[in-house]
Amino acid sequence: MKRLIYVFGDQLSHNLPSLKGIDPNHDIILMTEVQSEVASVKHHKKKLVLILSAMRHFAKELADKGYNVRYVTLDDPENAGSFTAELDRAIVDEQPDQIVVTEPSEYRVLQEVKAWAKAMPIPVDIRPDTRFLATPQEFAQWAQGRKQLRMEYFYREMRKKHDVLIEAGGPIGGQWNYDAENRKPPKSGLLVPRPTQFQPDEITQDVIRIVDTLCHDHWGETTGFAFGVKSKEAQHVLDEFIAHRLPNFGTYQDAMVSNQPWMYHAHVGFYLNCGLLDPMVCIRAAERAYHQGHAPLNAVEGFIRQILGWREYVRGLYWLKMPAYKSQNALDAQRKLPEFFWSAQTDMKCLKICIQDTHDNAYAHHIQRLMVLGNFALLAGIHPDEINEWYLIVYADAFEWVELPNVSGMVLYADGGLLASKPYAASGAYINRMSDYCKSCRYKVTQKTGPEACPFNYLYWDFLDRLKDRLAPNPRMAMMYKNLNRIDPETHAAIKASAAAFLESLD
Ligand SMILES: Cc1cc2nc3c(=O)[nH]c(=O)nc-3n(C[C@H](O)[C@H](O)[C@H](O)COP(=O)(O)OP(=O)(O)OC[C@H]3O[C@@H](n4cnc5c(N)ncnc54)[C@H](O)[C@@H]3O)c2cc1C
Ligand code: SF4
């Protein structure tokens, strides 16, 4: 029996289900760099370099283990351009008896793979992706009959199921969540450790040349590419995080500082999502750090919650609600994406810094994505399709299964409150409290209306006002609407005028 094992660019794990039981004498592993995926959206150049270089390193590791690897590069003149066309070509050349594949992470690709089972002349074995900590079926079971799908409750189940930070059947320390101790504003003069970076080797340099040539019109630059591209390097990034950043992770989780794009975050999302790092390895490493007295519980629990809770939860939600989730627009947001999301040419310093960080690094940390970029998109009413595409393009860790619920659910409330109990809307005061951005901004964060006022201020009230029929009945919005109702008519009119003028300038 000769099997053709198709491995995709986010399946770079040696424990991949489709590689289990592989016969090195007969089986062939197929890996392809195809235009249909590279250009499905115009991904950031650094993201493409990461994935293509990691694919090539993974293929080399497999070949070094003695496996047969059929690898098709993007610049191969014979490259047929899509997963299916490359599969057709491989079947003709290799004459396999069976196709084996691990379930793709994205709905669209899964449909393509399912179509193979009908169209191909040989059987297709589609195996569940066991690299996650909850199956889509488990999530669906948990979600069944619940009106609201709150991450916190799912997370508690996951803590119990995987016995993480548990003692005597309950949470270590007596609480499930230590966020009350987290999320402090940044102290001035904070000495943030440097991120772990790597010099591009020959393989990566080749990929950089290809991306610069074939994807020259994509966003971002390849210059300064310094991500790890092998599982060993990803492990090193994790080790450095545990040693140097984890103790402060919780405290400064929401802090934003100019010229410090990496802060105390782990920078492991890109490695987890393409398969170079295993989520449980990250969780156990953090748990060990707590037991060894190296990092406090608030930091360790906070970090573990992101991976065991949020990461698994958004994947569960994605598979539960796709494909309908993608077209939801509960707040009827219709605006086009402003040009400055690409150029960073805006006087709003917070947006300028977050967009520039994103451009330079294909990375921005969570709170920049949520409370600056996302908050702006929410308040300005940008259409979910426009802003989802932007997030999918610009971040090296962006894959639809994780990007879409974060953007449509967490940021835009486009799913009508399935993921978030209320919109994460905030005025400039929040950004001012959690960052040093406002100090050098031409707008005044304390001013509510007029040409000098921080646009987040009037956009925030205008958003609440515009959507009061939809949002005011939500009990979690009661305080916000109470405050809106206290605003005197004159100020209210000035807010509306400032917001209208600003939004018009965007169009
Ligand atoms: C609008 C928006 C878009 C996002 N898009 C993506 C995306 O495309 N891909 C992606 O992996 N994450 C996304 N996130 C979640 C989060 O911002 C990133 O996972 C994180 O910034 C990655 O950097 P890090 O590894 O330094 O994370 P850390 O802050 O150090 O967190 C550790 C890990 O926890 C996981 N995690 C944390 N928060 C989330 C979350 N909300 N959802 C899922 N996993 C989470 C990630 O795997 C992350 O690597 C998005 C968040 C928002 C608000
Ligand atoms: S004043 Fe407003 S626009 Fe300027 S940086 Fe602060 S929050 Fe952003």
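Start with the second largest pocket, where 34 residues form the lining and E37, S40, H43, E106 and R108 sit nearest the centre. This is a predicted model, in which local features need pLDDT of at least 70 and side-chain atom pairs count only at pLDDT 80 or more, while totals for chains, interfaces and linings use all residues. As for bookkeeping, residues are numbered from 1 along each chain as its sequence is written, chains are lettered from A and ligands numbered from 1 in the order in which they are written, and side-chain values use heavy atoms, with hydrogens and water left out.

The pocket we started with holds about 720 Å³ of space, a volume being the space filled by probe spheres set on the points, which are joined across faces, edges and corners. Its lining takes two or more residues from each of α1 (35–38), α2 (45–64), α4 (107–119), α15 (384–394) and α16 (400–411); helices are DSSP runs (H or I, at least four residues), numbered from the N terminus.

The largest cavity has about 110 Å³ of space. Of its 14 lining residues, C350, C438, C441, Y443 and C454 are the closest to its centre, and α13, α17 and α18 (455–466) each give two or more residues to that lining.

So what takes up this largest cavity? It is ligand 2 that takes the space. Around ligand 2 you'll find M348, K349, C350, G428, I431, C438, C441, Y443, V445, C454 and F456, and the elements giving two or more residues to this shell are α13 (349–361) and α17 (428–434).

The second largest cavity has about 40 Å³ of space, and its lining is E103, P104, S105, D129, F132, R315 and W319.

One last stop: D465, in helix α18. Is D465 buried or exposed? Buried, because its relative accessibility is 12%, and the cut-offs are under 20% for buried and over 50% for exposed, with partly exposed in between (1.4 Å probe, protein chains only). The D465 side chain also makes a polar contact of 3.3 Å with the side chain of H492; such a contact is a pair of N or O atoms within 3.5 Å, where, within protein, one must be able to donate a hydrogen and the other to accept it, and residues adjacent in sequence count only if both atoms are side-chain atoms.

Methods
A residue is near a molecule or strand if one of its heavy atoms lies within 4 Å of it. On a 1 Å grid over the protein atoms alone, a cavity is a set of points where a 1.4 Å probe fits but cannot get out, and a pocket is an open set with protein on both sides within 12 Å along at least five of seven lines; lining residues have an atom within 4 Å of a point. A molecule sits in a cavity or pocket if more than half of its atoms lie within 2 Å of its grid points.
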